[in-house]
Amino acid sequence: MASKVGAVGEITRRAALGALGVGVVGVTAASWPRLTAADIPGRGDNSLSIVIQGTKADAAAREKLVADFNKVHPDIKVKVQAIQSVDWKDFFVKLLTMVAAGQSPDLVYVATEGTQLFAERLAEPLDRFVQRDAAVLQEYFDDVHPSLVEAMMYKGSLYQLPLDWNAANMYFNTSALNKAGLELPPEDWNHLDFRNLLSSMKQANGSDFTPYYWTNRLFGGVVPWLYINDTSFLKETKATGGRWLWDGFYKKDPSSKMRAGGSLWESPNALDPRVEESFDFLRGLVKDGLGVRPEEGGGNSLVGLFASGRIGSTPAGGYWVEGLHEAGMKEDQFDVSFFPQWRTQRHQFGTAGYAIMKTAKDKDAAWEFVKWAASKPAMEVAFALPTTTPTRRSMVNEALYSGKGPKHWKVFYDTLDKFPSTGPIPAPPQQAAVETALIKNVSLAVSGDQAQLKNAMKSLERDLDLALGRN
Amino acid sequence: MKQQRWLPWVFLAPTIAGMGIFTLIPIVASIVLAFFHWDIISAPQFVGFANFAEVAQSPTVQVSFVNTIVFVIVAVALQLGIALGLAVLVTEKLPNWLRSFFRSALFFPLVLSAASVSIFMKYLFNEKFGVVNWILSLLNIPSVPWLTSPTGSAAVIILVYVWQNFGFSFLLFLGGLASIPTETYEAASLDGATGWRKLVQITLPLLSPTTLVASVMAIISALQVFDQPYVLTGGGPGDSTRTAVMVIFETAFQRLEFGQASALGVILTIFIMLITAAQFRLSKRFVFYQ
């Protein structure tokens with residue numbers, strides 16, 4: 001033992017430093033894939049790297065999808081990476097940082113909020129691929145409403161095949177309605193009927209009950225109220241072009257004549273009297289305690305509050321069904337209707353699909369994945385639960401909502417069929433800055449007096465000018 | 001010995017490399033970027049001082065700097081006042097074991113993530129469903145739009161920030177109080193000094209070096225406030241709680257104007273340096289060293 005202690009005691013400083021050096025080299029070598037970012041999916045090999053918004057669990061949930069794809073294309077390796085984010089705005093910030101760092105993925109699952117940003121700067125048009133594989137894709141376009149496809153067009157080119165979508169419909173807690181002796185409103189109800197309905201619910205339910213809950217964001221906030229009043233906070237025009245798609249795939253569709261090359265939002269419209277009128281209507285709801293003052297964000301606690309009967313109504317899409325079911329709501333405890341009409345009954349929707357990046361290593365392989373993901377078998381795997389609404393009409397059926405509700409689930413797809421002018425979220429390439437400009441002025445506009453509302457509209461116009469880069 | 005001249009550099013190398021890569025290079029890059037137009041995707045373009053001129057004229061930038069200054073004045077005053085008061089109370093009135101408990105308990109909020117705390121507070125202060133308004137309703141006080149009115153949201157942000165940060169100043173003051181010789185207080189007692197007089201004429205003057213350090217650190221930290229307003233209110237309603245660092249973030253990552261964001265960063269850094277320099281200059285008149 002003595003000799004061992006002596007041996008330890010004989011370790012020189014040089015030996016200790018040497019050991020430390022070896023240790024540092026060893027740790028560095030072991031961490032090399034991380035330090036060089038070589039462990040990022042798809043980097044360093046020929047894998048098709050796909051980025052989605054979500055958690056690691058969301059990426060893992062796509063394993064079946066990837067496995068099914070590899071049965072058809074065993075030569076294309078696919079890696080899915082999830083980016084966790086608060087909302088789409090946050091997702092795009094993180095993705096742009098990846099792009100700036102030279103870690104651009106090949107495919108990105110992008111919602112309407114980012115379609116024009118990607119189309120303008122990052123994504124590859126799909127036109128040549130779609131035209132090349134027209135025979136295969138005709139079946140897809142036959143099943144998907146043209147409004148959803150048009151939302152993925154920018155200046156005449158198609159950038160994504162829409163796979164899932166959601167409109168801002170109106171959800172009701174049926175218990176709250178029943179307590180007030182009310183039933184689900186008729187399809188042709190209007191904004192004044194809505195106000196009366198909220199008043200009745202308020203009187204019949206307790207003091208801690210909120211008849212109408214809404215959030216302050218681009219989807220489902222103030223925009224649906226602008227759309228039904230035949231206006232928006234941005235001037236909307238249609239880009240020319242796109243006839244190749246409408247005349248090719250939708251020639252039998254009666255609405256194809258009114259289709260064009262996608263929406264453009266290039267100037268603010270906050271000073272339109274109808275915009276002020278819509279804001280004033282919402283201000284009245286807040287003032288009379290019929291609606292909440294909207295906080296910024298997506299309303300994370302909304303499902304729980306709605307399920308517990310503390311909220312009577314809120315705008316949401318088909319994505320809400322699974323959440324309410326998991327929160328314990330029975331199929332007859334909630335229902336959904338169209339948004340009320342005002343000057344029109346134009347609804348707001350958002351959709352999403354894969355965009356091929358301009359920098360994709362193998363665009364043909366990327367297209368094969370996009371095309372396969374739009375096939376019915378793939379979509380049935382991807383959208384097995386009502387966590388969103390599939391873009392294929394044939395998949396929005398009794399089976400999807402069976403045992404979960406709502407009773408009037410047909411409202412989801414009928415929104416497009418009955419109101420063909422229903423339009424996408426107003427999201428120009430400067431979406432993040434535009435959304436910030438909108439959000440920051442909504443609270444002020446609906447929570448003060450008439451003078452404050454007018455000032456908020458002026459401020460919104462000014463902020464939108466800046467956001468759109470017009471100053 | 002001559003052979004081992006390299007040895008200190010070996011030990012310093014990791015720190016120098018870390019500081020270089022993670023501090024020095026980003027600072028220099030940020031200063032350089034302030035003179036370019038860069039949207040993260042296209043190649044940067046030299047624009048001279050245009051970014052500085054642009055941000056100086058922006059009403060949002062002007063409002064955010066005013067908001068930040070008001071926030072610093074109120075939050076730092078509260079933070080130092082509460083920390084000092086509690087430090088004096090804990091030192092004078094509590095036994096050792098309880099003092100240790102409070103030292104840990106009051107420091108604890110600082111180790112929590114500001115974003116997590118803010119998310120939690122957002123629930124508490126929700127106008128319709130929050131616990132705070134529910135408690136007020138039990139006292140027949142009408143609900144307050146904490147996060148959706150300019151005054152309410154500013155108050156909540158200051159409250160959350162001070163709650164989370166005063167623990168650090170508290171620890172500094174505890175250390176400062178421990179270094180004041182007890183003989184000074186004993187001599188004052190023999191001369192008939194009361195508690196208040198001892199506080200004003202002994203404690204505060206002898207604590208002034210600690211107060212200087214605490215205030216410099218508190219002001220630098222408060223000038224960079226971001227997490228609380230970003231999570232709690234997103235800068236709203238309107239621009240009422242938008243701070244300078246929030247505007248830097250939005251300019252860079254939402255408007256993709258990285259050059260303008262860098263220019264704002266440079267302006268804020270110069271602003272912080274000027275305030276700190278002013279504090280040290282004033283300290284010659286107000287700080288007493290034993």
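This is a predicted model: local features need pLDDT of at least 70, side-chain atom pairs count only at pLDDT 80 or more; totals for chains, interfaces and linings use all residues.
For your selections, residues are numbered from 1 along each chain as its sequence is written, and chains are lettered from A and ligands numbered from 1 in the order in which they are written.

Select residues 59–93 of chain B for helix α3 and 150–178 of chain B for helix α7: they pack at about 45°, axes 7 Å apart. Axes here are lines fitted to C-alpha atoms over the stretch in contact, with angles running from 0 to 180 degrees between N-to-C directions. That makes α3(B) and α7(B) oblique to each other (under 35 degrees is roughly parallel, over 145 roughly antiparallel, 65 to 115 roughly perpendicular, the rest oblique). Color their contact by residue type and you get 20 nonpolar, four polar and no charged (Asp, Glu, Lys and Arg are charged; Ala, Val, Leu, Ile, Met, Phe, Trp, Tyr, Cys and Pro nonpolar; the others, Gly among them, polar).

Now zoom out to chain B: 13 helices and two strands (DSSP runs: H or I, at least four residues; E, at least two). Its C-alpha atoms fill a box of roughly 80 × 75 × 35 Å along the principal axes.

Last stop, the contact between chains: pick 21 residues from chain B and 25 from chain A (C-beta atoms, placed from the backbone, within 7 Å). The chain B side divides into eight nonpolar, eight polar and five charged.

Technical notes
Two residues are in contact if their C-beta atoms, placed from the backbone, lie within 7 Å.
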